[in-house]
Amino acid sequence: MKVQCVICDKIESIEDDCLRAKRLRNRKLNMYLCNPCHERISKRTKERHQTGNFHLYQNKRQKSSLI
Ligand SMILES: [Zn+2]
């Protein structure tokens, strides 16, 4: 099936019976991201998580060093 990336408007064709196609047809997934856009977003999400964890870790360390 043909799918269009919501970010860069690139049209790709994916296997009809792959998980993504099934999800799109079932409307569990209502937008398609091409691989480069998907990677960019997941990288950014991961970075945000790492930053969050880092701050959490720092706060904990600072607290324990005060005790
Ligand atoms: Zn894209």
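**Close-up views of a predicted model**

**View 1. Arg27 occupies the loop between helix H1 (19–25) and helix H2 (35–66).** The coordinates shown are those of a predicted model. Although Arg27 is not a glycine, its phi is positive, at about 65 degrees. Its side chain position is classed as exposed, because Arg27 has 7 C-beta neighbours inside 10 Å and the class of exposed residues extends to 12 or fewer.

**View 2. The overall fold provides the setting for the remaining close-ups.** Two helices and two strands are present in the chain, and their order from the N terminus is β-β-α-α. Of the 67 residues in the chain, 1% are buried. When contacts between residues at least 6 apart in sequence are considered, 44% of them link residues at least 24 apart.

**View 3. Asp9 is located in the loop that joins strand E1 (2–4) to strand E2 (11–13).** The phi angle of Asp9 is near 60 degrees, which is a positive value in a residue other than glycine. How many other C-beta atoms lie within 10 Å of Asp9? There are 8 such atoms, and Asp9 is therefore exposed, given that exposure requires 12 or fewer.

**View 4. Val6 is a further residue of the loop between E1 and E2.** Val6 has 13 other C-beta atoms within 10 Å and is therefore partly exposed; the class in question lies between the limit for exposed residues, 12 or fewer, and that for buried residues, 20 or more. Once residues up to four places away in sequence are set aside, Val6 touches Met31, Tyr32 and Leu33. A separate distance may be traced from Val6 to Cys37: the two residues are 31 positions apart in sequence, and their C-alpha atoms are 9.2 Å apart in space.

**View 5. Glu12 is part of strand E2.** Is Glu12 buried or exposed? Glu12 is exposed, because 12 other C-beta atoms lie within 10 Å, and a count of 12 or fewer defines that class. Beyond its neighbours within four places in sequence, Glu12 makes contact with Val3 and Cys34. Tyr32 lies 20 residues from Glu12 in sequence, with a C-alpha to C-alpha separation of 9.6 Å.

**View 6. Glu15 belongs to the loop between E2 and H1.** With 10 other C-beta atoms within 10 Å, Glu15 is exposed. Which distance relates Glu15 to Met1, 14 residues away along the chain? The C-alpha atoms of Glu15 and Met1 are separated by 6.4 Å.

**View 7. Asp17 is likewise placed in the loop between E2 and H1.** Asp17 is exposed, having 8 other C-beta atoms within 10 Å.

Conventions. Residues numbered from 1 in each chain as written. Predicted model: local features only at pLDDT ≥ 70, side-chain atom pairs only at ≥ 80, totals over all residues. Helix = DSSP H or I, 4+ residues; strand = E, 2+ residues; numbered from the N terminus. Contact = placed C-beta atoms within 7 Å.
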